Each structure stands twice: as structure tokens, then as C-alpha cells.
Amino acid sequence: MSKKPTTKKEVQTTGHQWDGIEELNTPLPRWWLWTFYICIIWGVAYSIAMPAWPIFASGATPGILGSSTRADVQAEIDKFAAMNKAVEEKLVATDLTEIAKDPELVDYTRNAGGAVFRTWCAQCHGAGAGGNAGFPSLIDSDWLHGGTIEQIYTDIQHGIRDPNDPDTNPSAQMPAHLDDELLEPEQIADVVQYVLQISGQEADAEKASAGAEVFADNCTACHGEDAKGMHETGAPNLTDAIWLYGGDAATITKTVEHGRAGVMPSWSYGSSEGTARLSEVQIRAVASYVHSLGGGE
Amino acid sequence: MSSTEPTDDAPLYAAREPVFPKRISGKFRSLKWILMALMLGIYYVLPLIRYNRGPALPDQAVLLDLANRRFFFFGLEIWPHEFYFVAGLLIMAGLGLFLFTSALGRVWCGYACPQTVWTDLYILVERWVEGDRNNRIRLHRQPWNAEKIRKRLTKWGLWLLIGLATGGAWVFYFTDAPTLVHDLFTGEASPVAYTTIAVATATTFAFGGFAREQMCIYACPWPRIQAAMMDEDTITIAYREWRGEPRGKLHKGQVAEGQGDCIDCMACFNVCPMGIDIRNGQQLECITCGLCIDACNEIMDKIGKPRGLVGYMALKDEANERAGNKVTNIWKHVLRPRTLLYFTLWGGIGVALVVALVMRSPLDFNVTPNRDPLYVLQPDGTIRNIYTMRIRNKHGETVEYRISATTEDAAETQALKLTLEGQEGDTVTVPADQLYNQRLYLDAGPGSKLAGTNRTDIRIWVEQVGEGEPVQDSANTVFNGKGK
């Protein structure tokens, strides 16, 4: 070495001084500057390679690498669809009553059927399938049209009273007894008292006995001699604790006077071929899911 | 450090001044070699150690199983919800650093930091390929001829291999090591593994080979924080300038009148991996690795002067030493309220973690009542409540659990009917080491108090079936009825 190394560094100050403490003006390391330049180069290269700059009305510059997060998501969806293909084929090929015996299918329908339910059914029947006024609970053991897996499957497939589907469950409609002048107001008052009585609620005994006759003449065709309803007509059991629209005198009166005809849409129906709202796999999955919720027969 | 007023030609940026640490031997260098071997050994060997946990679980002693969200450490298995153990260990690590820094200064930086350890290893390779300090300086200055190219390529190649081994060992902590070794060489390992190895290799190569002291000076936040933990009692490295100054060359056969012990041989500067001169006093670059002490002691032995011209000392002792008085015992510096407080906190958390670990139940149980709907009305007036139970079986084997429900009122408990969704009986079988979800129905008959009350507190029990120590757990929940 030609020169003796000096270990005392000459460091400049900014000239600022507080109580004898000077502010050093130490230069930054040069590699630091290089990382800054590299970041700029990276930024430019990235905006050329990847989608970056927004373009009015047409999204963004696509980038020369052709990266697309939407395509990535689609690829993921396709990947899982391919993975599920085997179990979906099995689900379609399996007899409805056998689904609950196959753990793989139970696992699949629990997840896939649950997803279908939360997407398409929860709006009316509730996220927990507990139902709402006019929309039956699917987790109790009371079924208007039957709670077997086949019946649930058919009703989801074609709906209830859906005018668009020729195969829909036609079900009887509750007539509007007052509006259509089928019964006198006094007769309606009597039959309401009778219904209250047979469902174990407080009722006027005198009116109820008069109502029993009105009931026998007008209601048994659909609700049955014993008023316990019929799956064929979709008429509810009037002797139990469950009411689709409400079991108090005012609501029953309204039901008798103006009639009821709830509609459930058909899920296999489409205005043209291949436009069904749910696929066969989805309908089977959600039927199995609903059947498993504690009410299935 | 002398300072001058700014001038117009003051550089905004400065190139790194290369550092060529000279080989040295001595007490602190030996300690550093031992620690380096120990720490690198732990790092590379730990993932290869096997530990039998039965057929259902991995047999790697230390494994961060990200896919299954488990952390295995020999006999311990940490689940994600027990992450507080990891948080506790991190707090202990933090407090441990506080403790060591307040007692011994930047001892972590000088001896244990991975940046220091790997840089030390890289310098060892560099010295082996290119020779000691003077040879390296000569090589650095000479033009790119065959010799320089050969030596540089050899050095970089070896550095790259070390980097690869470092990155390779890193991924072993996350997957079964023997399988991964096979997969890595056959090209079957996941892209994540290769990317991680590539990144770890590149950073090891760049930080250990080229950035070195720049990481400590410019990138690491820890040295700046450490300043807050040090005080006048902290043992740190200092040059005893009252003994050394005025420095001057020592010529053979002459008696240097009026000179201090420092013979300005630059040994301390030449060995410094940070490229500083300890004789300039405390500097922010100093990582207190102790190599300058070894270098100076060697010289002092040669010229027949007492050791310790450069040595560990506390700032508090400076005045006493200058005056030639007795200095405080080192333990009095180390054991002071501040370090005792750090140690108490550190030990307290450690004890708490061990207690929590020992008291950990092999079973985790919780129950969520279904809130939509709050209850299900059955045709006969029975009120049904639906619950979702989660049973976490942390046993190493399949266990059968019996489920039951109780209320404060024994008669009401009798009236409660329990059904497990989709199965017969009141027991569930949970496979080893799994989280098990099960829906549960509780029915209260028409006219019962539970059915007629808005909300009743109940308790759901889970109990292990079969012999052995009965493990049970329970969870509080509510039963929603029709009442107001």
C-alpha cells in the first residue's frame, strides 16, 4: 500500500448544531441508489408485462405476458369441476334413496347442496331453512307435499304451481270463500272457530259446532275428514301446531276469505333447451341436503 | 470522528469501502467458532431428526406443517388456535434480547445473529480460496486476469453452494425432509419449494458475500433499537485510550519515552469485519464481536505489555480506571435492577407457557347454537333447538365420545331428548388428531318448562367412552323456547 490507511473518517455536517450536537451529513451508500433505479426499471417492466394502466371503457392494458386474474379464477373453478366430475356422475347414477348411505355422496351433497341452498333457496326459506310466513320450514317433520327424498326432489325439479312448467306440482288452491261468494261471512266465522277448536286453541264452542258442518261440506275434499291435510292436494294439517301463514283467528279468517296459493318456482324449467336454472346434479344435491336437515322422511 | 462544513462537491452517495478482515486466533475467535459450529449444526441437522408419533402423524421432529396447520416440536403438537404458545416464545425471544443487550451490549449481533454467522462462514471460504488480508487486497486491486477470474469463480461457486444448502435446509422445516430431498432432485417438488430455495439462496449469497456489514449499518433496525437498552453498566468493547495514548511506533531496542502502550500496529483495525477502528471510540457500526480484543492481546503479549488495551468494560468504570482505582466487579454490572426485571419477565412468561402446556387438555370442545331459526316447532308442539358441536381430538388415536345435555333442573334434563344428526345413539367417533363437526338436536316436549321459556342456560357435555383416564369437557349454551 502506497499510503498509510487513515481510519479517521472525514464526515461533513449539515452545519446545524443543537447544544453542541452536530447533524452529520453522511452520504448514503451507493447500492441504495441502485436499488432505487432497479425499482424504477422493475416498475416500467412490470407495467409492460402485466395488466397495469386503466383504459377508459375497456378495462386496462393487457400486458404482454397475458396474465389475467379472472382467467386464473376460471382455471381454478375448472380444476375443481374436473375433480368433482366423478362424484357428480356417481350422484346422478345413484338412486335417490341410496344417496344417504354413501359417505362420499353425503359429504358432497352436504357441501354442494348447502351452497345451492344458500344461493337459491335461502331468500324464501331462510338461511337455516326455518321458513317464513308463507314459506314452509324445511327442518320440521311437517310436510305439505311429502318429505321423502323423491318428493323433495320432484318439487324442487318442477316447483309448486309454477305456471311456466307443465310438469309442476299442480296442488289444490285454497279458494277465496268470501271473494268468490262461496260462504257467507257468518259461516266463515263459524268454521274459523271450528279450526281453532280442533287445533287445540281457545274457541267459541257454539260457533265451532256450527262450523263443523260448514267444514264437512266445504273443506274435507282437500283437508280430509279428520282435517289432517293431504299430501296429494298440498292442503296443510289443521290440527297440529304448525301454521304456514299463522294460526290466530284473524289470519285463519283472512286465509278462508281470500284464499292462498303459494308458488315455488320450477328449477329444472328453462325457456329453452339447456337453460335450466339448476342442473340435475345441483337439484339432487340440494334435495339430499334438505332431506338431511332433520325433517326428512 | 472529525467533521467539516458542507461543501458543494460533497457526495450524496458513497461507494462501499471493501473490508478485508484478517485472520486472527484467540479467546473470542474460538468462542465464535464454537458458536458458529453449534448454530449451523442445529440449523442443518434439526429437520433431519426423526421422531415417532404413530402412523397417523408425520415422523419429523421439528415440522411446520402449513398444509395441515400444525406445528410439531418433538413431543409437542401446536394447533393454530394455540398460536399463543408461539406468540409467547416470540415475546420471550424479544425479552431475552433485551436482557442480553442491557447486560452485554450487542452480544447478539457479534456472536449469534445469522447475518454474522453466515458472513463469518463466507469470509472463512473467502480466506481459504483467496488467502489472508494482504492477498485479498492485492487480488482486489489487480486487473481481471486468469488468476483473479479463477479465484473469484471458485469463491462464488462455493458461496452459491452454501446458499443452496441454506435455502434447502429452510424448506425442510416445512415438509417431510427425506421425501422432499427425493422430490427436489427428481423435479417433483412444488414450485413454492423451488422458489423459496431460490430466494433464500440469493439472499444468503448477496447478504453473506457482498452486503455483509452494510446489512447491519443500513438495513437492520435492531442495532438502532438496542441503543435504548444500553446504559453505563452495559459491558461493551472499548479502547483504553488513557493507557494507549499517545500512540506511536515501537522500534526495536529503543525505549519509547512518553509513549502509550498503543504501537499503532493497526491489528485491531485489520481484523474488524465492520471495517472500523475501535480506537475511535464507540461507533454505531461496532457489533462487539471481540476480534479486536484477540488481535490487540496478541500484540501486547509480543511486546511484553499487559493485555486488555482493548477489552470489554462498562462505561461506569472509565473514571475509576483513569484514576487507577479499583473497578466494580463485573457481576455488579450484570446483576442490576434492569437486567433482573428483564429476567423476571422473561422467566415469568416461560413458566406461564410451561404451565399452560402441561395443563393443555387432549380434547377441545365447543358448541354454537343455531340462530336461524332460533328453534324449530314440531307438529305436536315440541320445541327443537339445533346446535353445531366442534370436537377437536388431540389424542394420537381414535376416540369415541358420549354427548349429553343438562340443565340446572334435573326434571327438565330428563325431559330433554338428544339426537345426533344423521346417526343413531349418543356417541360420536372422532379420528385421531382431527376436528370433527356434528349437528345436534335437543327436543323439549310440549308443555315442558324449557319449551315455554324464552331462554334457558344449558350445558352440553362430551365424555370419552372406554377405559383409561376419563377425559371430559363441557360447553355452556342456551335453549331457546317459545316463551317471552
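Visitor: How far apart are the end C-alpha atoms of residues 193–211 of chain B?
Guide: In this predicted model, those end C-alpha atoms lie 25 Å apart. The span is 100% helix and 0% strand.

Visitor: What does UniProt list for that stretch of chain B?
Guide: An unreviewed UniProt entry lists residues 193–211 of chain B as "transmembrane region". The entry gives that name to residues 31–49, 83–100, 156–173 and 340–359 of chain B as well.

Visitor: And how much of residues 156–173 is helix?
Guide: Residues 156–173 of chain B are 94% helix and 0% strand, with end C-alpha atoms 26 Å apart.

Visitor: Changing topic: which strands form the open sheet in chain B?
Guide: Four strands form it, in the order E13-E11-E15-E16, with antiparallel pairing. From one strand to the next, the twist averages 30°.

Visitor: Why is one side of E13 and of E16 left without a neighbour in the sheet?
Guide: Strands E13 (427–430) and E16 (472–480) of chain B stand at the edges and each has a single partner strand, so one side of each has no neighbour there.

Visitor: How many bridges join E11 to E15?
Guide: Six bridges join strand E11 (residues 399–406) to strand E15 (residues 455–464), both of chain B. Arg402(B) has Glu463(B) in E15(B) as its bridge partner.

Visitor: Now the largest nonpolar core: which part gives the largest share?
Guide: The core holds 51 residues, and helix H9 (residues 280–291) of chain A supplies the largest share, seven residues. Among the members touching the most others are Ile283(A), Val286(A) and Tyr401(B).

Visitor: What does Ile283(A) touch?
Guide: Leaving out residues up to four places away in sequence, Ile283(A) touches Tyr153(A), Ile156(A), Gln157(A), Trp267(A), Ser268(A) and Leu278(A).

Key: Residues are numbered from 1 along each chain as its sequence is written. Chains are lettered from A and ligands numbered from 1 in the order in which they are written. This is a predicted model: local features need pLDDT of at least 70, side-chain atom pairs count only at pLDDT 80 or more; totals for chains, interfaces and linings use all residues. A nonpolar core is a set of buried Ala, Val, Leu, Ile, Met, Phe, Trp, Tyr and Cys residues joined through C-beta atoms within 7 Å. A residue is buried if 20 or more other C-beta atoms lie within 10 Å of its own, exposed if 12 or fewer, and partly exposed in between; C-beta atoms are placed from the backbone. Helices (H or I, at least four residues) and strands (E, at least two) are DSSP runs, numbered from the N terminus. Two residues are in contact if their C-beta atoms, placed from the backbone, lie within 7 Å. Two strands pair if DSSP finds at least two bridges between them. Axes are lines fitted to C-alpha atoms, for helices over the stretch in contact, and angles run from 0 to 180 degrees between N-to-C directions. UniProt positions are given in the numbering used here, feature names are shortened, and annotations may be inferred rather than shown by experiment.
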